[in-house]
There are 2 protein chains.
Amino acid sequence: MELNPKKTAVIFKAFCDENRIKILQLLLDGEKCACRLLEAMNITQPTLSHHMKTLLDSGIVNGRKEGKWMYYSISAEGVEYARQCFNALTAVSGTNENQSCCKK
Amino acid sequence: MELNPKKTAVIFKAFCDENRIKILQLLLDGEKCACRLLEAMNITQPTLSHHMKTLLDSGIVNGRKEGKWMYYSISAEGVEYARQCFNALTAVSGTNENQSCCKK
DNA sequence: AAAACATATTGACAAACCTCTATATGTGGT
DNA sequence: ACCACATATAGAGGTTTGTCAATATGTTTT
């Protein structure tokens with residue numbers, strides 16, 4: 001998998017903030033309304049909205065509007081894509097280990 | 001797996017910057033000396049040093065000093081721990097999908 | 001039409017982050 | 001001891017990020 005560094009950085013921003021991690025944990029047992037997330041977190045409504053935008057941009061979270069309410073859930077497709085990026089960045093080949101410096 | 005939000009955020013910082021992602025890509029085929037990384041990247045030596053510190057802090061990368069040289073490699077243990085964090089944050093239960101808002 | 005409610009946007013501020021230059025530290029060779 | 005080299009640290013400047021209060025947008029109910 002050839003991967004776009006800029007795009008990959010955006011994806012993993014989802015996991016780089018304490019509050020977003022808590023939000024993801026809240027979404028583990030299924031879709032939740034923004035108001036539910038808000039009452040479970042210790043942040044203001046605009047701050048939640050800001051984090052949800054970051055999570056949507058990462059592709060890890062899906063949003064669905066229904067009337068007044070906004071429902072958020074973890075995106076299986078987004079997670080799968082992020083997993084592939086993760087693998088592409090961490091799957092060491094096993095060959096060429098312990099190289100010595102060229103200038104030795 | 002119960003996970004520490006603050007610690008998890010630090011781990012995934014490794015993947016949140018374009019240059020760090022390029023560094024990880026360079027490490028995919030095995031351990032490399034800092035001077036090798038430096039010549040492959042378009043940044044100054046102190047900037048590389050800064051990113052390497054972030055990568056070490058994340059646990060994704062291992063450092064090994066040998067004489068004047070510093071060798072970096074992807075840490076299998078760090079990657080495995082990160083993978084567990086990723087799974088803990090994205091493994092949806094499948095139950096309780098499409099909840100409706102309490103205030104409907 | 002107006003009021004009530006849920007969410008998003010704007011603007012401001014502080015903290016964190018990325019980058020650089022300059023300098024310090026530590027190691028090896030002469 | 002000195003110099004050359006590899007890397008780290010300090011400090012500064014600019015950008016991004018996280019947070020909030022205030023306000024705007026859009027929806028439902030009365």
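Mentor: Gladly: what follows looks closely at helix 2 of chain A and its partner in chain B, and then at some surroundings. A word on conventions: this is a predicted model, in which local features need pLDDT of at least 70, side-chain atom pairs count only at pLDDT 80 or more, and totals for chains, interfaces and linings use all residues, while side-chain values use heavy atoms, with hydrogens and water left out. Residues are numbered from 1 along each chain as its sequence is written, and chains are lettered from A and ligands numbered from 1 in the order in which they are written.

Let us begin with the setting. Chain A has 5 helices and 3 strands, and from the N terminus on they follow the order α-α-β-α-α-β-β-α. Both kinds of element are DSSP runs numbered from the N terminus: helices are H or I with at least four residues, strands are E with at least two. Of the 104 residues in chain A, 43% are buried. Here buried means under 20% relative accessible area, exposed means over 50%, and partly exposed is in between, using a 1.4 Å probe and protein chains only.

Now to helix 2 of chain A, which spans residues 18-27. Its buried residues are Arg20(A), Ile21(A), Ile23(A), Leu24(A) and Leu27(A). Looking down the helix axis, these buried residues fall within an arc of 160°, so they line one face of helix 2 of chain A. That arc is taken from the directions from the helix axis to the C-beta atoms. The N-terminal end of this helix is capped by Asp17(A), with a side-chain oxygen 2.8 Å from the backbone nitrogen of Asn19(A).

How does the helix meet its partner? Two packed helices are described by the angle between their axes and the distance between the axes. Helix 2 of chain A packs against helix 1 (residues 5-12) of chain B at an angle of about 110°, with the axes 8 Å apart. The two helices are therefore roughly perpendicular. The axes are lines fitted to C-alpha atoms, for helices over the stretch in contact, and angles run from 0 to 180 degrees between N-to-C directions. Angles under 35 degrees count as roughly parallel, over 145 as roughly antiparallel, 65 to 115 as roughly perpendicular, and the rest as oblique.

On the chain A side, the residues that meet helix 1 of chain B are Glu18(A), Ile21(A), Lys22(A) and Gln25(A); on the chain B side they are Pro5(B), Lys6(B), Thr8(B) and Ala9(B). Contact means heavy atoms within 4.5 Å. By class, the residues of this contact are 3 nonpolar, 2 polar and 3 charged. Ala, Val, Leu, Ile, Met, Phe, Trp, Tyr, Cys and Pro count as nonpolar, Asp, Glu, Lys and Arg as charged, and the others, Gly among them, as polar.

Turn next to the partner itself. Helix 1 of chain B has Pro5(B), Thr8(B), Ala9(B), Ile11(B) and Phe12(B) as its buried residues. These cover an arc of only 160° around the axis, which puts them on the same side of helix 1 of chain B. Their cover includes helix 1, helix 2 and helix 5 (76-90) of chain A, together with helix 4 (45-58) and helix 5 of chain B. At the start of this helix, a side-chain oxygen of Asn4(B) comes within 2.9 Å of the backbone nitrogen of Lys6(B).

Helix 1 (residues 5-12) of chain A and helix 2 (residues 18-27) of chain B pack at about 110°, their axes 8 Å apart. Pro5(A), Lys6(A), Thr8(A) and Ala9(A) make this contact with Glu18(B), Ile21(B), Lys22(B) and Gln25(B). Lys22(B) is partly exposed, with a relative accessible area of 34%. Leaving aside neighbours within four places in sequence, Lys22(B) is in contact with Pro5(A) and Met41(B).

Finally, follow chain A past helix 2. Glu31(A) lies in the loop between helix 2 and strand 1 (32-33) of chain A. Glu31(A) counts as buried, at 3% relative accessibility. The side chain of Glu31(A) makes a polar contact with the side chain of Arg64(A), at 2.6 Å. A polar contact is a pair of N or O atoms within 3.5 Å; within protein, one must be able to donate a hydrogen and the other to accept it, and residues adjacent in sequence count only if both atoms are side-chain atoms.
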